[in-house]
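These are my notebook entries on one structure. I went through it by topic and wrote down what I looked up.

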Amino acid sequence: MSSTVITNIATLVTNDPSLGDGSPLGLIRDAALVVDGDRVAWAGGSSKAPATDNRVDAGGRAVVPGFVDSHSHLVFAGDRTEEFNARMSGRPYSAGGIRTTVAATRAATDAELEANLTRHLAEALRQGTTTFETKSGYGLTVEDEARALRIAAAHTDEVTYLGAHIVSPDYADDPAGYVALVTGEMLDACAPHARWIDVFCEKGAFDGDQARAILTAGKARGLHPRVHANQLSHGPGVQLAVELDAASADHCTHLTDADVDALANSRTVATLLPGAEFSTRAQWPDARRLLDAGVTVALSTDCNPGSSYTSSVPFCIALAVRDMGMTPDEAVWSATAGGAAALRREDIGRLAPGARADLAFLEAPSHVHLAYRPGVPLVGEVWRGGTRTV
């Protein structure tokens with residue numbers, strides 16, 4: 001392995017307050033970063049940078065940790081353009097929503113599903129995402145859920161079993177039978193390919209008792225819980241996530257004070273997904289309320305073909321700042337270190353000694369430009385595990 005020093009960094013976001021200005025972002029101005037193999041070896045002022053084998057000039061650009069997208073649904077086929085067009089045009093549309101994607105996904109070959117997945121991953125990488133979680137949930141049969149996870153596991157360690165996305169159309173008249181399948185034969189087939197288990201705890205999907213049974217069964221098989229919680233209405237999802245020590249409660253739009261307090265006094269991260277509100281014109285989550293209460297917040301894309309078809313974390317950062325009450329610093333932290341916390345990872349989402357050398361160069365002198373210049377492709381270069389990949 002050889003070492004490389006990156007110099008002439010206008011602003012370096014380390015997410016380690018001890019290295020920089022004392023803020024949560026641990027900002028270092030006129031900075032340098034030393035990469036040794038696939039790890040960060042040193043970070044500090046340019047004038048103090050140690051000697052290395054190689055030298056890279058950042059050219060006065062900002063450097064941030066690679067984005068950690070801790071919530072996505074990327075194993076699918078087809079799209080729902082007509083549904084989106086009707087929704088945005090104010091026209092009624094009665095197609096099947098998630099069921100439309102389920103039908104297309106079941107009909108697709110493994111090769112077609114993997115090609116679609118890798119296309120979206122490349123798209124996300126170009127925008128600075130170096131770690132991503134993705135879920136099953138568009139197969140809803142034993143075979144289709146297992147193959148979705150098998151395909152995803154070839155591309156990321158952060159794979160989530162979401163057989164409990166909705167009740168399968170095959171069990172429309174027998175939701176209890178579907179819960180039994182999800183916690184039995186389907187779980188047996190899927191557990192070897194996943195790290196996490198998730199459930200959509202919502203009216204029209206799974207109630208609190210069903211969700212608890214599903215997540216508890218997953219925990220017994222070594223899968224750790226995540227929860228789609230309180231997205232469309234208030235429900236038991238957040239409280240259930242905290243009760244079961246879920247890594248994250250995702251969406252968190254409709255919260256009571258008790259929900260906020262529960263999150264603030266737990267390890268469960270509130271993962272906010274502004275792409276979903278943007279694409280559905282729904283109520284924005286109140287990030288300010290969560291942050292002021294001391295809740296750990298993550299920002300992710302929720303990339304999926306129905307309600308948030310974006311792979312751009314920078315876009316979500318801009319939305320969070322404009323519409324959810326976050327400062328630019330908070331949004332960048334939540335899209336990096338916050339995402340890492342939502343995956344219970346300490347080796348990513350920061351640029352401090354020992355962390356993975358996952359980083360993005362911005363065509364701007366400061367991370368604030370991610371919110372200041374929305375829609376502009378500011379990510380000019382991406383390193384993953386110490387190697388330039390974009």
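Is Tyr178 buried or exposed? I found Tyr178 buried, because its relative accessibility is 0%. For these classes I used a 1.4 Å probe on protein chains only, with buried meaning under 20% relative accessible area, exposed over 50%, and partly exposed in between.

**Ground rules**

The model is predicted, so I took local features only at pLDDT of at least 70 and side-chain atom pairs only at pLDDT 80 or more, while totals for chains, interfaces and linings use all residues. Residues are numbered from 1 along each chain as its sequence is written, and side-chain values use heavy atoms, with hydrogens and water left out.

**Entry: helix 5**

I looked up helix 5, residues 175–183. Helices here are DSSP runs of H or I with at least four residues, strands are runs of E with at least two, and both are numbered from the N terminus. The buried residues of helix 5 are Gly177, Tyr178, Val179, Leu181 and Val182. They pack against helix 4 (142–153), strand 9 (159–164), helix 6 (185–190) and helix 7 (208–220). Contact means heavy atoms within 4.5 Å.

**Entry: aromatic pairs**

I counted six aromatic pairs in the structure. The rings of Phe, Tyr and Trp (its six-membered ring) pair if their centres lie within 6.5 Å; planes under 30 degrees apart count as stacked, over 60 as edge-to-face, and the rest as tilted. Among the pairs is Phe76 with Tyr138, edge-to-face at 6.4 Å centre to centre and 75 degrees between the planes. This pair links distant parts of the chain, 62 residues apart. Phe76 is in the loop between strand 6 (67–69) and helix 1 (81–89), and Tyr138 is in the loop between strand 8 (134–135) and helix 4. Phe76 counts as buried because its relative accessibility is 1%; Tyr138 is buried too, at 3%. Tyr171 and Tyr178 form a tilted pair, 5.6 Å centre to centre with 50 degrees between the planes.

**Entry: cavity**

Rolling a probe the size of a water molecule over the atoms shows where empty space is left. I worked on a 1 Å grid over the protein atoms alone, where a cavity is a set of points that a 1.4 Å probe fits but cannot get out of, and lining residues have an atom within 4 Å of a point. Grid points are joined across faces, edges and corners, and a volume is the space filled by probe spheres set on the points. I got one cavity of 30 Å³ or more, with about 30 Å³ of space in the largest cavity. Its lining is Val75, Thr105, Gly137, Tyr138, Gly139, Asp144, Glu145, Arg147 and Ala148. Which element gives the most to the lining? Helix 4 does, with four residues. By class the lining divides into three nonpolar, three polar and three charged residues.

**Entry: salt bridges**

Side chains of opposite charge can pair when their charged atoms come close. I counted 25 salt bridges, each a side-chain nitrogen of Lys or Arg within 4 Å of a carboxyl oxygen of Asp or Glu.

Arg147 bridges to Asp144, with the closest N and O atoms 3.0 Å apart. Both lie in helix 4, three residues apart, about one turn of the helix. Arg147 is at 7% relative accessibility and so counts as buried; Asp144 is buried at 14%.

Arg289 and Asp257 meet in a salt bridge at 2.8 Å, N to O. This pair links helix 11 (residues 287–292), which holds Arg289, to helix 9 (residues 257–264), which holds Asp257, and the two residues are 32 residues apart. Arg289 is partly exposed at 29%, and Asp257 is exposed at 55%.

Glu381 pairs with Arg388, the closest N and O atoms being 3.6 Å apart. Glu381 is buried, at 8% relative accessibility. I found Arg61, Glu363, Glu381 and Arg388 linked in a network of salt bridges.

**Entry: Ala32**

I placed Ala32 in strand 2 (residues 28–36). Ala32 is buried, at 0% relative accessibility. Its C-alpha atom is separated by 4.7 Å from that of Ser46, 14 residues apart along the chain. Not counting residues up to four places away in sequence, Ala32 touches residues including Val5, Ile6, Leu12, Trp42, Ser46 and Ala49.

Notes: 1 Å grid on protein atoms, 1.4 Å probe; cavity = no way out; pocket = protein on both sides within 12 Å on 5 of 7 lines; lining within 4 Å. Nonpolar A, V, L, I, M, F, W, Y, C, P; charged D, E, K, R; others polar.
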